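I opened this notebook to record what I looked up in one structure. The entries follow the order in which I consulted it.

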Amino acid sequence: MRLRHKPWAKEKLMQYPQYVIQNPEDYKGEWTKAFSNENPIHIEVGTGKGKFIVGMAKANPNVNYIGIEMQDSVIISALDQLIEAELPNLKLLNIDGSNLRNIFAKDDIERVYLNFSDPWPKNRHEKRRLTYKTFLKLYEDMMEDGGEIHFKTDNQGLFEYSLRSFSEYGLLLKFVSLDLHNSEFEGNIMTEYEEKFSSRGQRIYRCEVKYQIRG
Ligand code: SAM
């Protein structure tokens, strides 16, 4: 997502520590303290402007959400929505998702959402895709046994690659749609990219995969 640079964004993010966690490493292994309850925690890596994660937090008050976005000029829009909605079950992290190992411990997370992740189409950039095997291991190491990844994209190549990557990793396929908006799936909350691409008539792909419980 390319946006105009907003030099004031970093400072504004720091002015709302109740919404934008400033020292996320301090919560490793005890994220329930950040929410003051024991509800399950779902994260979105690459939250963008936050339409999806804010919508999910409004729709599901008994789930805690964390939106992770590395660009401060982008996540600032999610903060603006959060200030407006005053949601106690949503926190934001302005960090690179490849650093998650320093921030979450095993069992901290129940579910990971990946929405319209950057496709990195060149073979030599495969390792940057958020569905590459090293990311799948990263998510597994912070999730509860049987945790899930829910993934949406408009990019057929990335979707096919990701299904292969999930399968080779040993993830179980729970749900797949090759045309989400013309399927019977209910309760879909759209992302900014999803609105843009679907309004141009592009198909949206979606799947849910589950980690096997290792004995
Ligand atoms: N999910 C949003 C949507 O569907 O509208 C945004 C999609 S945009 C194509 C991808 C976003 O992921 C960008 O804002 C980018 O900065 C962010 N992103 C990519 N890699 C990331 C990473 N490793 N950690 C955190 N954010 C990342």
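Which polar side-chain atom lies 2.7 Å from an oxygen atom of the ligand? I worked with a predicted model, and in it I found that the atom belongs to Thr 191.

**Entry 1: the ligand.** A backbone N or O atom of Glu 192 is 3.3 Å from an oxygen atom of the ligand. On the nitrogen side, I noted a polar backbone atom of Gly 46 at 2.8 Å from a nitrogen atom of the ligand. I listed 17 residues around the ligand, of which Gly 46, Glu 69, Gly 97, Asn 115 and Thr 191 come nearest. By type, the shell holds seven polar, five nonpolar and five charged residues.

**Entry 2: the nonpolar cores.** I turned to the largest nonpolar core, which has 37 residues. The members that touch the most others are Ile 43, Leu 100, Phe 104, Val 112, Tyr 139 and Ile 149. Among the elements that give two or more residues to this core, I noted strands S1 (41-45), S4 (109-115) and S5 (143-153), and helices H5 (133-140) and H6 (156-169). Helix H6 supplies the largest share, five residues. Apart from this core I found another, of 21 residues, including Ala 9, Leu 13, Val 63 and Leu 79.

I then followed Ile 149 individually. Leaving aside neighbours within four places in sequence, its contacts include Val 112, Leu 136, Tyr 139, Phe 166, Cys 207 and Val 209.

**Entry 3: Leu 163.** I located Leu 163 in helix H6. Is Leu 163 buried or partly exposed? I recorded it as partly exposed, because its relative accessibility is 25% and buried requires under 20%. Not counting residues up to four places away in sequence, Leu 163 touches Leu 173 and Cys 207.

**Entry 4: Ser 177.** I found Ser 177 in strand S6, residues 172-177. Ser 177 counts as buried because its relative accessibility is 6%. Its side chain reaches the backbone nitrogen of Asp 179 at 3.2 Å, and a polar atom of that side chain lies 3.2 Å from the backbone nitrogen of Leu 180. Beyond four places in sequence, I noted that Ser 177 touches Phe 159, Ser 183, Ile 204, Tyr 205 and Arg 206.

Terms used: Residues are numbered from 1 along each chain as its sequence is written. This is a predicted model: local features need pLDDT of at least 70, side-chain atom pairs count only at pLDDT 80 or more; totals for chains, interfaces and linings use all residues. Side-chain values use heavy atoms; hydrogens and water are left out. A nonpolar core is a set of buried Ala, Val, Leu, Ile, Met, Phe, Trp, Tyr and Cys residues joined through side-chain atoms within 4.5 Å. Buried means under 20% relative accessible area, exposed over 50%, partly exposed in between (1.4 Å probe, protein chains only). Helices (H or I, at least four residues) and strands (E, at least two) are DSSP runs, numbered from the N terminus. Contact means heavy atoms within 4.5 Å. A residue is near a molecule or strand if one of its heavy atoms lies within 4 Å of it. A polar contact is a pair of N or O atoms within 3.5 Å; within protein, one must be able to donate a hydrogen and the other to accept it, and residues adjacent in sequence count only if both atoms are side-chain atoms. Ala, Val, Leu, Ile, Met, Phe, Trp, Tyr, Cys and Pro count as nonpolar, Asp, Glu, Lys and Arg as charged, and the others, Gly among them, as polar.
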